[in-house]
Amino acid sequence: ILSPLTMATGQPNSMLNSNQKTGRQLLCEDRVRKVCGDGSFQEIKFAQTNSCFDSTEPVDPTIRPGGHYMTFVQESNLPKLHTGTGQLIRSSPAPNPQFFLRGHSGSGGMCSSLNPQTVDMTARIAPPKAGAFTKRPNPPNTEFRRFYERGDLPIAIQHMAAGNMISWKVEPELLDYHHYLPIFFDGLREREEPYRFLAIEGTFNLLAKGCLLYTSPSPRDS
């Protein structure tokens, strides 16, 4: 007997890996963490999201999902273009008369055994951090959210005792996959309900129904 959290493809949960979790599984995990957890679980709610009767407010267009931020470099450290030669040159700052080497304060002429070691020559210079593991922006501006709030997606939530399911107003195999599948894939980065559940569960349903539709040979291929 399959559990209530069976995939749309009919596979039981024991045959899934950690990356293949349906929307129903994620909802159950959130509820368990909220009730039985240590109190650190917080439901994600974006400031741009309004009530269920209103659409999401527009997000700053300069915030790109998953984008990197440019490292800040001071303008004085940037090279400047020489108008005569056309080469990039670095300007050295003007010397400050307050900072100069006073007598008997330098290390010139001292024996190496008496010179205090200030730099560890054995230590290697660490490479700069690229920021590959830093948290990237994920604004609520997916195409899935926009189409769902506008009523252009033929889906609705069907509330059941064993867990919510998707009620398709049109059979998935009758949809234009070239139009709808990229929209559902774009919604996979949603972290707010009900968009996350609808996007993940809808993607599983489309892939389950469309695998036979696009893998079977068509008459024009013969």
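In what order do the elements of the protein run from the N terminus on? Colour the chain by secondary structure and follow it along: in this predicted model, the order is α-β-β-α-β-β-α-α, which gives four helices and four strands.

Next, select the whole protein and show its surface, whose accessible area comes to about 17400 Å², with 57% of that belonging to carbon and sulfur atoms. Of the 222 residues, 24% count as buried. If you then display contacts between residues at least 6 apart in sequence, 61% of them join residues at least 24 apart.

Now select residues 143–150, which make up helix α2, and look for Phe144, Arg145 and Phe147, each of them buried. Step on to Gly151, which comes just after α2 and takes a positive phi of about 80°.

Leu207 can be found within helix α4, which covers residues 195–215.

Is Leu207 buried, exposed or partly exposed? Its relative accessibility is 42%, so Leu207 counts as partly exposed, given that this class lies between the limits of under 20% for buried and over 50% for exposed.

Technical notes: Residues are numbered from 1 along each chain as its sequence is written. This is a predicted model: local features need pLDDT of at least 70, side-chain atom pairs count only at pLDDT 80 or more; totals for chains, interfaces and linings use all residues. Side-chain values use heavy atoms; hydrogens and water are left out. Helices (H or I, at least four residues) and strands (E, at least two) are DSSP runs, numbered from the N terminus. Buried means under 20% relative accessible area, exposed over 50%, partly exposed in between (1.4 Å probe, protein chains only). Contact means heavy atoms within 4.5 Å. Accessible areas come from the Shrake-Rupley method with a 1.4 Å probe; for residues, only the protein chains shown count as cover.
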